[in-house]
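Please look over the sequence and the model shown here, then read on.

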Amino acid sequence: MNEDQQDEAEALLAIYEDDSNFIQVSDTVYCYKFVCEENEMKSFMLQITWPKDYPESDDAVLDLDTFFNSHITEGERSAMIELLTPHMEDWSGMAATFSIITHVTDNVEEFREVIRNEKLVERVEKEQIEAAAATAKLKDNEYRSTKGMTKGQKRRFYDKFGNIDVDDKPRGWNWVDVMKHLSKTAGVQT
């Protein structure tokens with residue numbers, strides 16, 4: 001770590017000492033979380049890595065390939081980096097970590113517009129399809145025919161689901177009340 005890097009590291013730690021979104025991963029790697037309170041899927045973390053000859057000859061390396069950004073597609077990450085690329089030329093040859101973080105903070109909505117959360121939409125749709133298939137399979141298994149069941153199994157089945165199979169009538173479905181029948185037919189002579 002050269003003297004310019006040490007000076008910038010001390011300045012960054014002094015500026016962001018109370019900011020929980022600023023993380024020093026190592027002497028040359030710094031991360032900053034841009035948290036969206038309304039929609040956490042619009043939050044992202046920018047990782048800034050200093051090469052060996054930074055800041056004199058090499059620019060800081062910007063990276064969005066962290067686990068925190070797993071909800072962002074590769075194309076969206078590339079588009080976000082491309083939003084910063086024109087400004088990197090302005091900061092070339094100087095300590096730029098603070099400038100990068102400040103620029104992204106000032107224009108955070110522009111960066112969040114890039115995040116469409118296609119992975120989330122695909123995941124939710126896939127979960128809904130899987131849930132519908134599981135429900136249909138469960139209903140098929142639950143509402144199977146009662147043929148081949150013992151009387152006790154049928155009784156528990158009917159207590160749980162009622163009579164759902166038209167061809168499989170419960171015991172006594174066509175029984176006639178004997179007293180009612182005899183009272184109607186008692187006086188009839190054949």
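Are F44 and F111 buried or exposed? F44 is buried, and F111 is buried as well.

## Overall fold

The model is predicted, and its protein chain has seven helices and four strands, which follow the pattern α-β-β-β-β-α-α-α-α-α-α when read along the sequence. Of the 190 residues of the protein chain, 29% count as buried, while the chain exposes about 13000 Å², with carbon and sulfur atoms supplying 51% of that area. Among contacts between residues at least 6 apart in sequence, 48% join residues that are at least 24 apart.

## Aromatic pairs

The structure holds nine aromatic pairs. One of them is formed by Y16 and F98, a tilted pair with 6.2 Å from centre to centre and 40° between the planes. Because Y16 lies in the loop between α1 (3–15) and β1 (22–24) and F98 lies in helix α3, this pair ties together parts that are 82 residues apart in sequence. Y16 counts as buried at 10% relative accessibility, whereas F98, at 39%, counts as partly exposed.

The rings of F44 and F111 have their centres 6.3 Å apart and their planes at 35°, so this pair is tilted. F44 belongs to strand β3 (residues 44–49) and F111 to helix α4 (residues 108–114), so that the pair links distant parts of the chain, 67 residues apart. Y16, F98, F44 and F111 are among the members of one aromatic cluster, which also includes W50 and Y54.

## A histidine in helix α3

H103 lies in helix α3 (residues 97–106) and is buried, with a relative accessible area of 16%. Not counting residues up to four places away in sequence, H103 touches L84, H87 and W91.

How values were computed: Residues are numbered from 1 along each chain as its sequence is written. This is a predicted model: local features need pLDDT of at least 70, side-chain atom pairs count only at pLDDT 80 or more; totals for chains, interfaces and linings use all residues. Side-chain values use heavy atoms; hydrogens and water are left out. Helices (H or I, at least four residues) and strands (E, at least two) are DSSP runs, numbered from the N terminus. Buried means under 20% relative accessible area, exposed over 50%, partly exposed in between (1.4 Å probe, protein chains only). Contact means heavy atoms within 4.5 Å. Accessible areas come from the Shrake-Rupley method with a 1.4 Å probe; for residues, only the protein chains shown count as cover. Rings of Phe, Tyr and Trp (its six-membered ring) pair if their centres lie within 6.5 Å; planes under 30 degrees apart count as stacked, over 60 as edge-to-face and the rest as tilted.
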